[in-house]
Amino acid sequence: MKFLCVAVCLAVMCVESLAQNNQYLPPDKGYAYDKPNQPFPSSPQPQNVPRPQPTPGRPAPSYGPPAQDDHHHEPGMPFDFQYNVNDIETQNDYSHKAASDGDVTRGEYRVQLPDGRTQIVRYTADWKNGYNAEVSYEGEAKYPEGPGQGGANAGGYKY
């Protein structure tokens, strides 16, 4: 019983110590972001829109006229990043880079495919047009030749 009490006390002390050194919590004094230069928009007030009148012999529509484009876009936080991974042992070779001005994000990622080609995806994304990508390939596909090479048991990536 005495051993159990000591073990529980040690576990509690370890948990408290780890909680104090946790680097994944937000900063105590908040983030140092600049305040926005525009006030946050208030939600739009509903408007009284007259409903269309029914046509004789047809039921009245159950919806109103098409809504106006009342989308208010708030720009995001600008960013710029990139990373590369080239692990020869596992044959993982890929990279990603992207940049945003807060409205439009542009980027590119590359992946080394098992057939030896590199797939390249260049993309643009924004609030109005969504995600648009152009996919291209570099290199020439090479496939194993001979008996016992290829097919479902060819090995693929090494883990």
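**Exercises: a strand residue, a loop residue and some rings**

Welcome! Ser 95 is found in strand 2, which covers residues 92-100; strands (E, at least two residues) and helices (H or I, at least four) are DSSP runs, numbered from the N terminus. This is a predicted model, in which local features need pLDDT of at least 70, side-chain atom pairs count only at pLDDT 80 or more, and totals for chains, interfaces and linings use all residues. Residues are numbered from 1 along each chain as its sequence is written, and side-chain values use heavy atoms, leaving out hydrogens and water.

**Exercise 1.** Work out whether Ser 95 is buried or exposed, and find which residues Ser 95 touches.

*Solution.*
- Start with the cut-offs: buried means under 20% relative accessible area, exposed over 50%, and partly exposed in between (1.4 Å probe, protein chains only).
- Ser 95 has 16% relative accessibility, so Ser 95 counts as buried.
- Next, look for contacts, meaning heavy atoms within 4.5 Å. Not counting residues up to four places away in sequence, Ser 95 touches Tyr 83, Asn 84, Glu 108, Tyr 109 and Arg 110.
- Now take Asn 84, 11 residues from Ser 95 along the chain: their C-alpha atoms are separated by 4.2 Å.

**Exercise 2.** Locate Asp 115 and find its contacts.

*Solution.*
- Asp 115 sits in the loop between strand 3 (104-112) and strand 4 (118-126).
- Its relative accessible area is 11%, so Asp 115 is buried.
- Leaving aside neighbours within four places in sequence, Asp 115 is in contact with Glu 140, Ala 141, Lys 142 and Tyr 143.

**Exercise 3.** Find how many aromatic pairs there are, and follow the cluster of Phe 79, Phe 81 and Tyr 83.

*Solution.*
- Rings of Phe, Tyr and Trp (its six-membered ring) pair if their centres lie within 6.5 Å; planes under 30 degrees apart count as stacked, over 60 as edge-to-face and the rest as tilted.
- By this rule there are four aromatic pairs.
- In one of them, Phe 79 and Phe 81 have ring centres 6.0 Å apart and planes at 25°, so this pair is stacked.
- Phe 81 and Tyr 83 are also stacked, at 6.4 Å centre to centre and 10° between the planes.
- Together, Phe 79, Phe 81 and Tyr 83 form one aromatic cluster.
- Finally, check accessibility: Phe 79 is partly exposed at 36%, Phe 81 is partly exposed at 33%, and Tyr 83 is partly exposed at 40%.
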